[in-house]
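Let us take a walk through this protein together, stopping at a few places worth a look.

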Amino acid sequence: MKVFKFGGASINSVERIQNVGRILKAYEGEKIFVIISAMGKTTNALEKVVDAFYQGRQQDALQLFEQVKQQHLDTLKYLTTLYWKQAEDHLKDFFTEIEWLLHDKPVREYDYYYDQVVCSGELLSTAMMSDYLNEAGVKNKWIDVRDIIRTDDNFRDAAIDWPYTQQKVAAVVEPLFKEYDVIITQGFIGATDENESTTLGREGSDYSAAIFANLLNAESQTIWKDVEGVMNADPKEFPDAKFLDALSYDEVIEMAYYGAQVIHPKTIKPLQNKGIPLHVRCFLQPDLAGTIISNKPVHNLPPVIVVKDKQVMMELSSKDFSFVGEEYVSRLYDLFSDIKIRPNLIQNGAINILCCLDDKPEKIEKLALAASEIFDVQVKKGLTLLTIRHYTREKFDELTKGKTILLTQRTTETVQALLQEA
């Protein structure tokens, strides 16, 4: 049994949805568990719906959601004929679920509403794909992943209840393979024990696929993307990026930890635990072998470049010029845990601590306010964090030229620099 994950770019048009159908037909007779993301820019569009709703702009939220609805209904018209009404009703069930919420007023935290609304992107795309495939002759079974993946209620970055989820996979998913070769479900989402939708962190569909690969003891997992495979840098930012035909689990975990977008940070561990190889392949050229990620070590890699924009530097200084010792650091990490924010880079001085964090305004504001009871706090925004694995001096100088370096950190393998435009 294989696990396939198709991202939003692979289904962002009628032609690409049909292309996914052709890829699945090439595996006729094999057991395939398929995870599909939201179409194209749907997640971004749904985020705007949440923002409008949470700001009290109810009509704007409904109007923005109407645009999402129409996009899916218009696409569906070109995909189904015989089963069009059945497929439309399938979509309308999810429209109703969201519109019911949008007619209310927010009384809970933003992250809760984010998950309830944004999860609909995956539900809509998979419903549409399943109905199209059934009409195109690829018999499949659609399931709602919220009935399978149980999580805690840490909305927007929920943690998996593995024992419960494993039990549901065994009881619900595995028996379906007796009747169906293809099962389709959603990435990125789960549900609490109170049936509230949760999400697993942005780009969490890769992680969803790894959860199922682990629990189904899959022979492999494949992530289908619009590039040849894993590159040593984002080809959109670095036109000379190099293709990497093989990587080790450990290397990819490091890349993901530092923010490389090609693989979700949580994806590798469930695969590594069972030695399941991960393939990254191109849905536009499915004959290419792509990149294989496995236990085998890979040597002589080129510099691997990760760039994270929208970074914040928070400088925390002791109020009385005393040394920033263990007590201060311990209290700071308690704040990180309470606010559920992780520093991308942290460096201690004698009387201060410098932190680099993703610019999540609500959490940054909470952290700065809470930390101000312990430290003098200064915040600088609009920064970029550059990470180079297997760095050379020449590459570091090239990528930092003309920029102000606010903070650096080096190991034998990796260099990081927090940069400000000069």
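**A guided walk through the model**

At 0% relative accessibility, Cys119 counts as buried. Cys282 is buried too, with a relative accessibility of 2%. Keep in mind that you are looking at a predicted model. How many disulfides does the structure hold? The count is 0.

Now for the empty spaces. Rolling a probe the size of a water molecule over the atoms shows where empty space is left. Start with the second largest pocket, which has a volume of about 300 Å³. Its lining is made up of 17 residues, and those that lie nearest the centre are Glu97, Trp100, Leu101, Tyr112 and Gln116. Two elements give two or more residues to this lining: helix H4, residues 84-102, and helix H5, residues 110-118. Helix H4 gives the most, with 4 residues. If you colour the lining of this pocket by class, you will find 7 nonpolar, 3 polar and 7 charged residues.

With a threshold of 30 Å³ or more, the count comes to 1 cavity. About 40 Å³ of space lies in the largest cavity. Which residues line the largest cavity? They are Tyr257, Tyr258, Lys308, Arg342, Asn344, Leu385 and Gln416. By class, this cavity lining has 3 nonpolar, 2 polar and 2 charged residues.

From here, go to Thr151, in the loop that runs between strand E3 (140-142) and helix H7 (162-176). Is Thr151 buried or exposed? Thr151 has a relative accessible area of 6%, so it counts as buried, the cut-off for that label being under 20%. Setting aside neighbours within four places in sequence, Thr151 is in contact with a run of residues from Ala158 through Ala159 and Ile160 to Asp161. Thr151 is also in contact with Gly190, Ala191, Thr192 and Asp193, and with Thr198 and Leu200.

Most residues other than glycine have a negative phi, and most peptide bonds are trans. Phe188 is not a glycine, although its phi is positive, at about 80°. You will find Phe188 in the loop between strand E4 (182-186) and strand E5 (189-191). With a relative accessibility of 4%, Phe188 is buried. Lys310 also has a positive phi, near 55°, and is a residue other than glycine. Lys310 is found in strand E13, residues 304-318. Why does Lys310 count as exposed? Its relative accessible area is 66%, and exposed means over 50%.

Finish at Asn352, which is found in strand E15 (residues 352-358). Beyond its neighbours within four places in sequence, Asn352 is in contact with Glu315, Leu316, Ser317, Val324 and Gln347. With Glu315, the contact includes a polar one between the two side chains, at 3.1 Å.

Technical notes: Residues are numbered from 1 along each chain as its sequence is written. This is a predicted model: local features need pLDDT of at least 70, side-chain atom pairs count only at pLDDT 80 or more; totals for chains, interfaces and linings use all residues. Side-chain values use heavy atoms; hydrogens and water are left out. On a 1 Å grid over the protein atoms alone, a cavity is a set of points where a 1.4 Å probe fits but cannot get out, and a pocket is an open set with protein on both sides within 12 Å along at least five of seven lines; lining residues have an atom within 4 Å of a point. Grid points are joined across faces, edges and corners, and a volume is the space filled by probe spheres set on the points. Ala, Val, Leu, Ile, Met, Phe, Trp, Tyr, Cys and Pro count as nonpolar, Asp, Glu, Lys and Arg as charged, and the others, Gly among them, as polar. Buried means under 20% relative accessible area, exposed over 50%, partly exposed in between (1.4 Å probe, protein chains only). Contact means heavy atoms within 4.5 Å. A disulfide is a pair of cysteine sulfur atoms within 2.5 Å. A polar contact is a pair of N or O atoms within 3.5 Å; within protein, one must be able to donate a hydrogen and the other to accept it, and residues adjacent in sequence count only if both atoms are side-chain atoms.
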